[in-house]
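Here is a friendly note to read with the model open beside you. Take the points one at a time, and find each pair of side chains as you go.

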Amino acid sequence: MQTVLITGANRSIGLETAKQLSEKGLFVYLGSRNLEKGEEVVKELHEKGFQNIRAIEIDVTHPESISKAKKMIENEQGKLDILINNAGILGVNPQTAADTSVKDIHDVFDTNFFGVINVTQAFLPLLKKSESPRISNITSGLGSLTLHSDPNWKYYHVKSAAYGPSKSALNAYTIVLAYELKDLPFKVNVIDPGYTATDFNAHSNPGSVESAASFIIKHTLTDENGSTGQYFSNDIEDEIGISPW
């Protein structure tokens, strides 16, 4: 049985991804900053028949929390097959470049960018023990500099001084990481689940969590010929679904 860790998985897209992966027979560590909340969610899932899911406390901004989670998975599994860096925050609104404080921008980067690096570097030793390790960093279409520069893009006017740039930075980090791991069986990609109705945006957007999770899984559970160092987006309306950087 393959094992997967999903950060920020106690609600919305992360939770749906956990459910769908569980249905596919993977053992899922459902990451949550608050263990009690995570365990409440898992209890409900168990009652619905999802047995191969376990809550794990992990705060991506706290190294001690990450280290504790790593030791737990190492002791129980000895390895990790898949890491889905899903935890993220939007930050304050509005986010104008002229007025958003450095502190507010730093807070967003601390979770969306540095948090991913914290978790990835901690779990790389366990991932290297897998025969087919996968790292999926959950990004956003708002991280595409190319699309942000196109006045014809449907989200051209959705600009943010913290959230979007944090995802652009995440994209850049992923390119470097994928390159460094290219001679190993890793597949490392950024995946944009699309403009999805979640708690993140008061359920104001058109996409469903089911579609978002399915898209993440499609580009995570790939074979040895799968892409690495790529930017997939559920908002790109073609069969390939590759977004410009």
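**Notes on the salt bridges**

1. Let's start with Asp-81, which is buried at a relative accessible area of 3%. That places Asp-81 under the 20% cut-off for the buried class, which is why it gets that label. Please bear in mind that you are looking at a predicted model.

2. Which residue forms a salt bridge with Asp-81? The partner is Lys-79, and the closest N and O atoms of the two are 2.6 Å apart. Lys-79 itself is partly exposed, with 25% relative accessible area.

3. Next, have a look at helix α1, which covers residues 12–23 and holds both Lys-19 and Glu-16. These two sit 3 residues apart, about one turn of the helix. Their side chains meet in a salt bridge, with an N to O distance of 3.6 Å.

4. Now find Glu-237 and Lys-154, whose side chains form a salt bridge at 3.5 Å, N to O. Glu-237 lies in the segment after β7 (231–233), and Lys-154 is in the loop between α5 (145–148) and α6 (163–180), so the pair ties together parts that are 83 residues apart in sequence. Both Glu-237 and Lys-154 are exposed.

5. How many salt bridges are there by this rule? The count comes to 7, and the pairs above are among them.

Notes: Residues numbered from 1 in each chain as written. Predicted model: local features only at pLDDT ≥ 70, side-chain atom pairs only at ≥ 80, totals over all residues. Heavy atoms only, no water. Salt bridge = Lys/Arg side-chain N within 4 Å of Asp/Glu carboxyl O. Helix = DSSP H or I, 4+ residues; strand = E, 2+ residues; numbered from the N terminus. Buried < 20%, exposed > 50% of the residue type's maximum accessible area, 1.4 Å probe, protein only.
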